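Ready for a few exercises on how a model is held together? Keep the sequence and the 3D view open, and try each task before reading its solution.

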Amino acid sequence: MNIKIPELSLILLVGASSAGKSSFAKKHFLGSEVISSDYCRFLVSDEENNMDATKDAFELLHYIVAKRLKRGKLVVVDATNAQADSRKSLLKIAKEYHAISVVITLHMPESLLIKRHEQRTDRPFDKQVIIQQRRQVRQSLKRLKREGFRYIYTLRTPEEVEAVQINREKLWNDKKEIAGPFDIIGDIHGCFDELQKLLKMLGYHIYEVQHEEQTYYDVIPPEGRKAIFLGDLVDRGPKSPQVLRLVMDMIKNNDAYCVPGNHDVKLLRKLSGKNVQIKHGLKETLEQLENCSEEFIEEVKVFLKKLVSHYVLDGGKLVVAHAGLREEMQGRASGTVRSFCLYGETTGEIDSFGLPVRYNWAKEYKGKAMVVYGHTPIPETEWLNNTINIDTGCVFGGALTALQYPEKRVVSVKAAETYCESARPFLLDTNDPETVQKPEIIQLSAQQEVDDLLDIKDVAGKKYIWTHHNRNVIIREEQAITALEAMSRFAINPKWLIYLPPTMSPSATSELPDYLEHPLEAFTYYRKRGLEQVICEEKHMGSRAVIVICKDIKAAQKRFGIQQDRFGICYTRTGRHFFKDTQLESTFLTKLRTALSKVGFWEEFDTDWFCFDCELLPWTAKAKALIEQQYAAVGAAAQHALTDVLPIIDQAKARGLEMDELSQFYQAKASAVEKYRNAYRAYCREVKDINDLKLAPFHILATEGQVHSDKDHLWHMTKIAELAKADPNLLLATPYKIIELRNERSVQEGVDWWLELTAKGGEGMVIKSFDFMSVQGESFWQPAMKCRGKEYLRIIYGVDYDNENNLKRLKKRGLNKKQGLALNEFLLGEEALQRFVKKQPLRLVHECVFGILALESEGVDPRL
Amino acid sequence: MLLTIKTYHHPATDIGFLLHKHPDKVQSFSITGGKVHVFYPEANEDSCTVAMLMELNSIDLVRKLKVPGSSSLLKHYINDRPYVASSFTSHAIAKVFSSALNGKCANRQDLLETPMSFDVKISVLKVRGGLPLLEKIFQPLGYIVSAEQHPLDENFEEWGSSPYYTVLLQTKSTKYLKALLTHLYVLLPVFDNEKHYWIGKNEADKLLQRGEGWLAQHPEKEWITRRYLKNFSSLSKYALKKMLDDEYEVIEEDVVALIEPEKVEKKQNLHQQRLNAALEKLKESKAKSVLDLGCGEGKLLRMLLKESQFERILGMDVSFKSLQRAKEKLYMDNMAPRQKARINLIQGALTYYDERLKDYDAAAVIEVIEHLELDRIPAFEKVLFEVAKPQTVVLTTPNAEYNVNYNFLQKDSFRHSDHRFEWTRAEFQDWTKHVCETYGYSVNIFPIGEETERIGAPSQMAVFSISQ
């Protein structure tokens with residue numbers, strides 16, 4: 001016997017003990033696919049036959065069954081399953097996960113069962129038990145269909161069992177191997193003229209063919225493309241039969257797919273003689289069909305009957321269904337799935353137009369597959385959580401719309417006329433002042449509205465964040481716990497927060513005696529990784545600042561979905577407002593915006609917004625409290641503690657005490673304190689107003705449609721220098737040098753430059769791989785390394801860090817953890833921008849940014 | 001850090017016998033985190049000065065002293081510990097002058113009974129509270145205090161003064177050296193509230209030992225005790241009780257900072273009033289399940305648990321640390337199963353959609369919204385009034401108008417440094433009105449605390465319920 005089994009099924013083996021279920025299961029299914037009640041008994045009680053453990057064993061069995069079905073895995077339940085109750089609970093699980101239920105009954109002759117039982121030693125019960133079980137199985141056989149099983153097979157002899165062949169069948173909706181490209185077309189409703197026009201616009205050629213007094217259509221798609229019709233081909237419009245003809249012809253030629261809409265299904269029921277209400281445009285269709293031949297109507301019936309509720313295409317990346325489909329139903333087959341595909345989800349309420357209120361499932365959609373659907377007419381298509389409704393209400397006077405996949409291009413043809421009045425108005429009446437959008441208030445898009453409230457589930461707990469460089473970044477639960485507090489208490493509105501800068505590791509600890517850090521180590525690091533060139537950029541001693549700036553408030557509202565009177569924002573490396581003084585921030589951003597206009601960057605980048613990674617100077621602008629409470633305070637304590645020490649030492653020395661050692665030590669200490677104070681003083685300037693601020697951008701991170709991580713650092717530096725010329729008072733072009741790692745002179749030049757910069761009191765420099773991205777295929781390296789000057793490090797490592805003993809100990813610092821974080825945060829930052837630029841839902845951008853903040857909570861030596 | 005003690009006793013060099021340190025020697029001792037050098041810059045019959053020069057290695061400090069409970073300052077790699085008098089100094093005194101501190105002098109017993117006059121100089125001491133605080137502490141013990149405050153940085157006058165002082169203490173009348181050292185031992189660490197070691201019961205006993213005979217009479221004994229024990233209130237209570245022969249009654253939360261006006265709302269019981277009022281409203285609402293959003297360390301939760309009306313209680317806070325404290329304070333780990341089944345604590349933020357908040361009858365949001373940025377309030381509204389949507393919401397926030405009654409507040413500043421805004425009664429009312437219109441609630445507003453004419457009560461409470 002050939003047994004057909006759909007790929008996603010719940011299979012119940014039914015049969016008395018010793019009927020051979022386990023052997024049958026073993027022969028035909030994988031070990032992981034078979035869950036036996038005996039084994040579950042064994043797991044919970046150490047004994048396979050412990051009847052006391054039955055309840056717990058079945059709870060476990062049901063749990064495993066549910067988990068497998070949830071994951072789309074076939075499962076075989078090896079238990080007697082002789083009682084209706086036990087089958088009912090399994091059937092319920094199958095329904096919940098939209099799996100197809102299959103029963104295979106092994107109904108062996110009683111004599112055989114008893115014979116087998118007597119030969120077994122592992123079944124310590126009387127043969128009466130088996131006789132009773134067999135009776136129950138026999139009674140069950142009649143009831144299986146009524147209980148609701150979809151496929152029922154019964155095997156009555158060992159020979160039949162032996163001869164079984166199991167054929168696993170793909171579900172009809174599974175078209176994963178078809179990758180497109182596709183032209184997906186929304187609800188046509190008999191608008192045949194618009195359909196032809198749209199197909200032609202998409203590059204299809206349509207030829208009318210006459211055959212035996214019938215008109216057929218020969219449609220030639222552009223090379224390699226296929227059309228997908230989202231259903232509701234008929235009703236309301238003027239030419240439903242022609243639409244059906246064309247679609248059927250295309251499908252016959254294997255040039256199109258079609259999923260059914262609720263109108264199509266209703267028509268089928270009518271044609272099949274069912275009693276349906278002739279409403280909502282069915283009347284027109286029936287009238288039009290009156291002129292059609294019997295054969296045609298037969299053909300339509302067969303066609304409609306065969307339509308599959310939805311398709312999963314392109315390796316699971318695309319799902320098409322008339323009314324859309326929730327993630328957990330995709331690629332499944334059940335009555336619930338089919339009805340969702342046809343009718344969508346309603347809340348049960350009725351609106352003022354007497355129509356059911358639709359529940360917007362797409363608002364909560366988090367699936368990986370793009371879902372393209374129709375069903376509900378809307379004035380304009382709009383992306384929401386990777387789903388798009390392309391029913392633009394052609395028949396109601398809107399437009400017929402197609403979505404090109406994978407291009408995501410939307411193509412529309414306006415309706416030639418209004419064929420039908422919509423019960424619920426969906427088009428904005430441009431003459432009605434009430435519904436005309438006021439120009440100054442930008443309405444949030446559906447996506448932006450959903451983005452207003454992020455779900456805690458998307459950030460809390462352990463997370464694996466996939467980056468497009470094929471590296472997963474893991475966020476541990478404790479890290480997320482800390483980040484949640486930082487994010488929700490201190491960070492700016494997540495809608496602005498499209499990026500956070502990564503931490504940066506110092507170069508490896510120098511082997512030179514007097515240095516903790518030295519550029520040679522960084523050069524060696526990159527050379528060892530096969531890089532030819534690096535760029536050295538002067539490191540400014542200020543505070544890290546990220547700037548998002550838009551052309552105007554309107555652009556900010558439109559792109560970032562924030563209903564606030566601001567056109568930009570400046571925030572810190574932990575996502576907090578950089579400026580406490582909003583007036584100052586506004587002045588500052590206005591100046592930057594003017595500079596961008598002056599150099600024509602808005603046009604050149606074809607963008608309404610920029611995101612910059614910068615250093616904002618002076619250090620005192622942001623870190624004043626830290627300097628006063630920490631650096632200056634320690635300096636003051638040290639200096640004034642020592643003032644009294646040296647005279648007292650001298651006094652004791654004058655008494656003839658042996659004070660030389662102490663004297664030397666404290667003189668050295670006093671001089672180190674002086675150096676320490678000078679080191680931090682060099683970076684302190686009073687900030688009175690905007691004129692005291694300097695901004696040194698170093699990355700033009702992203703603009704509309706583009707993340708500029710594909711450009712090398714020379715491009716970034718050059719463009720920024722160009723911008724800086726527009727406002728030299730505010731903007732600072734960072735000095736840089738390109739070093740050829742295999743050229744000794746060039747390397748020496750780099751070292752000399754660093755020595756020169758740090759001798760002048762500079763912080764040092766940042767050495768970056770010439771290309772922005774630090775990942776290529778399998779290999780990756782630090783995107784940037786800092787190399788800080790000797791005196792600057794005094795601020796970080798303490799007054800007398802360079803004392804010989806101290807330095808020796810400080811050199812034993814480990815950098816691995818820091819480097820790991822630097823790379824992961826860098827990847828997440830770039831990923832966040834990529835996702836934002838691709839207009840993905842905010843939760844996906846936020847996930848990355850939140851991840852960076854979470855990684856930053858990791859305990860690493862803060863001096864690195 | 002340098003400590004010098006000069007005496008005018010005749011012959012002054014007798015101090016060498018008491019200290020067990022020969023005036024002609026330079027001696028070094030190792031202590032936790034560094035070294036102490038002892039030498040005499042002057043030593044003659046008329047005046048003799050001993051110098052204790054403490055040298056701490058700040059890198060050592062961070063590496064070696066990873067003590068639980070060690071204060072945040074030590075965690076910084078740049079710290080002032082090597083330069084200021086602190087608990088390290090007490091430690092050093094006990095180490096190098098141990099016999100003098102304990103009143104032992106085998107060779108010259110007579111000197112123990114000889115009072116002397118001293119000048120003590122400390123370079124430097126960190127004092128938040130300045131000369132007045134120094135005087136409050138040292139004057140009752142018979143010292144004349146003078147102190148020089150140092151600027152943060154001479155090159156940046158606008159930064160103002162540092163908290164560091166060079167302090168000179170002169171004995172008004174003669175004193176035993178033991179008493180002087182004991183005073184320094186106990187009092188030097190109390191000024192900056194930093195301690196480098198774990199504070200346990202034996203610290204309290206040490207304080208009792210060193211403070212014997214003088215601390216109980218000191219007018220600021222409570223403050224000294226609390227600061228010495230790093231504000232561990234149970235330890236302070238223990239120490240004060242012992243010190244005062246168990247007669248001392250400690251009133252909960254009567255801690256009033258001595259000189260430093262901490263930003264506490266004057267009436268310490270205001271918070272309790274708020275919680276009582278909220279509890280009352282929650283009880284009236286007939287709610288069976290209740291959310292405490294921003295539950296902090298669980299004060300309200302404890303009150304809710306006592307009411308059998310509440311069958312399901314969920315406490316949520318964004319601070320994991322607070323939740324852990326709440327768990328401890330509620331003895332969650334040892335709670336009886338029936339009790340435990342009633343309560344749950346979760347970490348969450350009020351600006352994120354959170355389905356765990358659904359299906360509760362009531363919510364308490366006590367002094368929470370003022371900790372959110374104003375532009376995040378719309379998200380908060382959605383979470384509370386649209387997602388959680390309890391039948392009743394009890395929400396409190398400060399009344400900004402009342403702030404004029406708090407002398408310690410500067411104009412336009414908030415009661416708490418983390419407050420992002422404080423609303424007047426009118427502003428609060430406007431917001432509640434907006435909430436009612438948007439989410440279908442009705443509201444009643446109540447004052448909390450004593451009302452003052454024209455400015456209202458210190459706190460305000462809104463009770464929302466879903467409109468029928």
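**Exercise 1. Find which residues B:Ala363 touches, not counting residues up to four places away in sequence.**

Solution. Start with the rule: two residues are in contact if their C-beta atoms, placed from the backbone, lie within 7 Å. Leaving out residues up to four places away, the partners of B:Ala363 are B:Val290, B:Leu291, B:Leu293, B:Leu384, B:Ala388, B:Pro390 and B:Val393.

A note on the model: it is predicted, so local features need pLDDT of at least 70 and side-chain atom pairs count only at pLDDT 80 or more, while totals for chains, interfaces and linings use all residues. Residues are numbered from 1 along each chain as its sequence is written, and chains are lettered from A and ligands numbered from 1 in the order in which they are written.

**Exercise 2. Name the residues with the most contacts inside the largest nonpolar core.**

Solution. A nonpolar core is a set of buried Ala, Val, Leu, Ile, Met, Phe, Trp, Tyr and Cys residues joined through C-beta atoms within 7 Å; buried means 20 or more other C-beta atoms within 10 Å of a residue's own. The largest such core has 253 residues, and B:Val290, B:Ala363 and B:Ala364 have the most contacts inside it. Finally, a second, separate core has 109 residues, including A:Val77 and A:Ile388.

**Exercise 3. Describe the contact between chain A and chain B.**

Solution. Count first: 42 residues come from chain A and 49 residues from chain B. On the chain A side, α20(A) gives the largest share, twelve residues.

Terms used
Helices (H or I, at least four residues) and strands (E, at least two) are DSSP runs, numbered from the N terminus. A residue is buried if 20 or more other C-beta atoms lie within 10 Å of its own, exposed if 12 or fewer, and partly exposed in between; C-beta atoms are placed from the backbone.
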